[in-house]
Amino acid sequence: MLLDIVLHPDERLRVHCTPVTEMNDKLDQLLSHMFDTMYDAEGVGLASTQVGENQRFCVVDVSEDRSKPLVLINPEIIDHKNTITWKEGCLSIPEVSAEIVRPKNILVRALDRDFKPIEFEADELLSVCIQHEIDHLDGKLFIDYLSPLKRRRLMDKYAKQQKAQTP
Ligand code: NI
């Protein structure tokens, strides 16, 4: 099932999410719907706030053939090193992208879909994507990293575009 993706500047994208305390059928089903929605939109990650939820979980798949679904519940970055510049976009801010500097290598701790603890290293796109999704869980968007001038320029363009698409 496809879910509606919450679009910037909706305030629901600014919610600071609370930890998930238990896995249940409702959350499991929601995760399936989030994968459907992310794949349909050709995204590499989708966080709870983007579908109007306010707990800490997201889905990710950065593989070319969409074969490596990753569920992260209560994800945390416990270590990082080096930096990388990546041109980021977001399903909640369609057709906008910008280069963002972030840590390149990260050590991630989370719970998986079975609510079992996992810990793994990530770099390149996977690292960028996980950091971007965790930001969503803290109510933060990638445009927040831009200078005020750059952000205003991009958001003016975005607003015009959104207006043009509203019937
Ligand atoms: Ni995003």
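Reader: Let's start with the strands: in which sense do β1 and β2 pair, and over how many bridges?

Author: Keep in mind that this model is predicted. Strand β1 covers residues 45–47, and L46 stands opposite V59 in β2. The two strands pair in the antiparallel sense, over 3 bridges.

Reader: And what about β2 and β3, how many bridges are there between them?

Author: Strand β3 takes in residues 70–89. One spot to look at is C58, whose bridge partner in β3 is L72. β2 and β3 pair in the antiparallel sense, and the count of bridges is 4.

Reader: Are the residues on the two faces of β2 buried or exposed?

Author: Take the faces one at a time. On one side of the strand, which spans residues 57–60, you find F57 and V59, and on the other C58 and V60. Both faces are covered, and these four residues are all buried.

Reader: Moving along, which residue in β5 is the bridge partner of I106?

Author: Look at β4 and β5, which run antiparallel and are joined by 6 bridges. They form a hairpin with 5 residues between them. Within this pairing, the partner of I106 in β5 is A122.

Reader: Is E95, with its positive phi, buried or exposed?

Author: You'll find E95 in the loop between β3 and β4. Its phi is about 65°, although E95 is not a glycine. The cut-off for exposed is over 50% relative accessible area. E95 has 60%, so it counts as exposed.

Reader: How far apart are the C-alpha atoms of E124 and I84?

Author: First, find E124 in helix α2, which covers residues 124–137. E124 has a positive phi of about 50° although it is not a glycine, and at 35% relative accessibility it counts as partly exposed. E124 and I84 are 40 residues apart along the chain, yet their C-alpha atoms are separated by 7.5 Å.

Reader: Which two residues does a cis peptide bond join?

Author: As a rule, most peptide bonds are trans. Go to the segment before α1, where P9 lies. Omega is about 10° at this cis bond, and the residues it joins are H8 and P9.

Reader: How many residues apart are D28 and R113, the pair in another salt bridge?

Author: D28 forms a salt bridge with R113, with the closest N and O atoms 2.8 Å apart. This pair links distant parts of the chain: D28 is in helix α1, while R113 is in the loop between β4 and β5. D28 is partly exposed at 30%, and R113 is partly exposed at 25%.

Reader: Which residues are joined into one network with E88 by salt bridges that share partners?

Author: Start with E88 and R102, whose side chains meet in a salt bridge at 2.6 Å, N to O. E88 sits in strand β3 and R102 in strand β4, 14 residues apart, and both are buried. Salt bridges that share partners join E88 into one network with R102 and D135.

Reader: Last one: which helix gives the largest share of the positive surface patch?

Author: The patch is formed by K87, K150, R153 and K157. K157 has 51% relative accessibility, so it counts as exposed, and K157 is found in helix α3. The largest share of the patch, 3 residues, comes from the helix at residues 148–165, which is α3.

Terms used: Residues are numbered from 1 along each chain as its sequence is written. This is a predicted model: local features need pLDDT of at least 70, side-chain atom pairs count only at pLDDT 80 or more; totals for chains, interfaces and linings use all residues. Side-chain values use heavy atoms; hydrogens and water are left out. Patches are made of residues with over 30% relative accessible area and no salt bridge: like charges are joined within 9 Å, nonpolar side chains (Val, Leu, Ile, Met, Phe, Trp, Tyr) within 5 Å. Accessible areas come from the Shrake-Rupley method with a 1.4 Å probe; for residues, only the protein chains shown count as cover. A salt bridge is a side-chain nitrogen of Lys or Arg within 4 Å of a carboxyl oxygen of Asp or Glu. Lys and Arg count as positive and Asp and Glu as negative; His and the chain ends are not counted. The place of a charge is taken as NZ of Lys, CZ of Arg, CG of Asp or CD of Glu. Buried means under 20% relative accessible area, exposed over 50%, partly exposed in between (1.4 Å probe, protein chains only). Two strands pair if DSSP finds at least two bridges between them.
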